[in-house]
Amino acid sequence: MQIIDTAEKRGETAGEKALVVKDLVKKYKGSSGPALSGLDISVNYGEIFGLLGPNGAGKTTAISIMCALLRPTSGSVTICGVDVLKQPNRIRRLIGLVPQDIALYSNLTLRENLRYFGRICGLKGQELKDRIAECIEIVGLEKKADQRIFTYSGGMKRRANLAAGILHKPRILFLDEPTVGIDAQSRNMILEKLTLLKENGTTMIYTTHYMGEAEQLCACVAIIDEGHIIAEGPPQELIKQAPGHASLRDLFLALTGKRLRD
Amino acid sequence: MFKIGATVIKELLLLWRDRAGMLVLFVMPALLVLVITLVQENVLRTMGESSTRILLVDKDGQSLGQTVEKKLLESGLVEIIKEIDGREVDEKEAVEAVINSDFQLCIIIPKGITKAVKAKARQVVMKSLSMDDTSAVNKTPGKEIQRPDIAVYFDPTVLGGFRSAILNSLNLVIVGIEIDEKMKVLSRLLPEYINMSIRKEMGPFVPEDLIKDIPGIQLDFSSNPLLEVREKPAYENAFEKTPTSVQQNVPAWALFGIFFIVVPMAGGLIKERHDKTLSRLLTMPVSYITLISGKVIAYVFVCLIQFGLILVIGKFLLPLLGSPMLEIGSDPMALIIITLSAILAATGYGVLLGTVARTYEQASMFGPISIVIAAALGGIMVPVYAMPKIMQKISAFSPLEWGLDAFLDIFVRGGNIKTVLFDVFLLLSFFVVTMFVSWIYFFHKTRNGA
């Protein structure tokens with residue numbers, strides 16, 4: 001199944017990074033410390049980059065800034081060579097977001113949701129119909145596509161949420177904990193589909209609390225805490241570099257501590 | 001335009017499936033118009049703006065009772081009832097019916113009143129002609145005749161205005177009867193009086209022809225008034241008929257219903273923000289203005305249907321329930337412009353509320369309460385002229401007052417596009433200001449994460 005066009009077709013140039021984040025700082029008004037303090041990230045085309053961290057580490061803030069939803073206090077973000085802060089409208093044609101919440105209209109069916117989001121992305125006519133059918137097939141909801149979202153199970157909602165994120169074939173897909181709160185079968189299916197998207201060249205920025213998922217899926221991960229990166233690299237290399245830690249989960253706990261976060 | 005169209009379709013679909021929203025948008029305003037217009041119609045009846053049923057007990061059964069009945073009916077103020085359950089009522093039953101609030105009042109015409117009035121008229125005329133009891137023409141010599149009374153029993157809940165109107169009408173009827181009776185006596189006695197005076201002065205030398213030729217009074221004085229009070233409309237193009245309660249209530253409560261769209265509209269915006277569909281949309285190649293424009297257009301469309309439905313109720317359903325029919329005002333084009341301006345003002349407020357309120361609970365509490373306050377200030381519940389001076393000044397800041405004033409110009413005062421232009425300007429300005437403030441607030445709070 002051909003989901004994403006080839007690199008050549010997409011106009012990617014050799015050596016260019018899909019995403020470059022430089023010295024990103026974000027301070028919220030009234031907050032005691034910065035949510036992000038000098039975050040630096042660099043992601044290659046076609047790579048799945050894992051952004052790991054405990055609650056409140058700054059993952060969602062970072063993704064919001066990268067998606068042009070939030071303005072940073074300072075720093076820069078470049079996606080496919082386009083400055084996010086200067087040209088947010090161009091960026092919106094390149095990115096897709098799968099938020100942590102089920103960002104769908106619960107009183108519309110999946111097909112109606114996809115039709116609306118597709119039109120907003122500029123898809124029309126047969127192309128729109130084909131893309132809707134394709135995305136519904138990818139997430140395995142063909143039989144339920146004409147049922148309203150509120151009738152879906154948790155796993156179905158997560159899959160539908162993914163379908164809306166990939167509808168317009170984004171160059172970079174941001175996934176904010178896309179598998180939270182669902183059963184093993186649905187999670188497994190979502191991970192399979194993400195692998196398929198990666199194989200077809202989609203770059204992904206992936207946040208999760210499931211370290212196993214990150215190990216399985218991501219070419220590179222960054223563990224962030226209190227707004228800055230405390231470890232970065234391919235998961236296996238990070239584990240090797242930290243003797244005594246058998247898994248990414250152990251390493252994560254060693255780096256971020258066992259103190260509960262709010 | 002394509003993206004705005006997509007948003008309009010999505011909003012209409014969501015509204016169509018939102019039962020509570022549909023209830024707020026269609027059923028509630030329709031019920032409000034129906035109930036309040038029917039209730040107000042009854043209140044106006046009790047205040048005398050349309051005919052009220054009253055009980056009349058005529059114990060006399062002579063000409064005076066018949067004249068009172070005829071003149072009251074001619075006033076158009078009352079509908080006279082003389083029987084309950086096919087049986088004539090007596091004074092005791094009539095008073096009981098008033099006590100039980102079955103009737104607002106009853107009029108009792110006592111036995112012998114016709115005879116007493118005639119005798120009293122004769123006595124008064126004779127007095128005025130300085131004829132004493134012993135004079136030849138005085139056929140009813142004796143003591144002073146008591147003035148006969150017509151009794152009126154009121155239900156204590158009857159409002160002062162209506163009470164005065166009924167008493168004034170009765171007094172007018174009585175004055176008319178008095179003049180007639182006095183003139184009748186005078187026309188009979190005056191030739192006799194002149195004859196008697198001439199004979200007294202000239203004795204037996206008066207020629208018989210002179211006495212025969214003394215003219216009688218033929219004219220019916222009470223039905224030939226010298227002056228008339230004529231009610232004239234202040235507006236040039238005013239309606240021929242006096243505006244009814246329907247004419248005032250239907251546009252007023254339709255406007256109230258239009259402003260109630262702020263609840264589903266603000267609710268929709270808050271839900272989109274909370275379930276992050278708005279975040280998803282803002283990562284797509286579409287501007288916030290396009291998204292909001294789609295929403296506003298969808299709600300304008302819905303409100304137009306809502307307004308049309310309320311006009312249909314006023315035109316066709318209310319008359320079936322005994323109310324007067326709504327007459328579409330003097331300038332349909334101006335009506336459309338006012339309606340669109342009022343709807344835009346309401347949607348602007350809905351967008352502002354949906355942007356500023358943090359939770360649906362906040363919006364669903366603050367929205368309706370603020371609209372009820374604005375409606376009260378705007379004269380929807382009590383006319384602005386009836387408010388204290390300070391409230392009248394405050395009411396000038398209520399969008400509902402601007403809308404209502406413009407609607408009443410068209411529905412009641414016979415105005416036109418020129419007379420409503422300033423109100424339309426205020427409503428559209430309110431829309432622009434609320435949208436601008438919402439936009440600034442949204443970008444400040446959302447984009448900066450404040």
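Entry 1, the pocket. I looked up which elements line the second largest pocket in this predicted model. At least two residues each come from α2 (59-66) of chain A and from α9, α10, α12 (332-356) and α16 of chain B. I noted that α16(B) supplies the largest share, four residues. The space in this pocket comes to about 830 Å³. Its lining holds 28 residues, and A:Ser64, B:Arg273, B:Lys276, B:Ser279 and B:Thr446 are the closest to the centre. Sorting the lining by class, I got 14 nonpolar, eight polar and six charged residues.

Entry 2, the interface. How many residues of chain B are in contact with chain A? I found 29, and they meet 36 residues of chain A. The two chains bury about 3000 Å² between them, with 62% of that on carbon and sulfur atoms. On the chain B side, B:Arg17, B:Arg280 and B:Thr283 lose the most area to chain A, together 25% of what that side buries.

I counted 11 residue pairs in polar contact between chain B and chain A, with both residues at pLDDT 80 or more. For salt bridges the count is one. That bridge joins A:Glu112 to B:Arg17, with the closest N and O atoms 2.6 Å apart.

Elements giving two or more residues to the side that touches chain A are α1 (2-17), α9 (262-274), α10 (277-282) and α16 (417-447) of chain B. Of these, α1(B) gives the most, nine residues. By class, I recorded 11 nonpolar, nine polar and nine charged residues on this side.

Methods: Residues numbered from 1 in each chain as written. Chains lettered and ligands numbered in written order. Predicted model: local features only at pLDDT ≥ 70, side-chain atom pairs only at ≥ 80, totals over all residues. Heavy atoms only, no water. Contact = heavy atoms within 4.5 Å. Buried area = accessible area lost by both parts, 1.4 Å probe. Salt bridge = Lys/Arg side-chain N within 4 Å of Asp/Glu carboxyl O. Polar contact = N/O pair within 3.5 Å; in protein donor to acceptor, adjacent residues only side chain to side chain. Nonpolar A, V, L, I, M, F, W, Y, C, P; charged D, E, K, R; others polar. 1 Å grid on protein atoms, 1.4 Å probe; cavity = no way out; pocket = protein on both sides within 12 Å on 5 of 7 lines; lining within 4 Å. Points joined across faces, edges and corners; volume = space filled by probe spheres on them.
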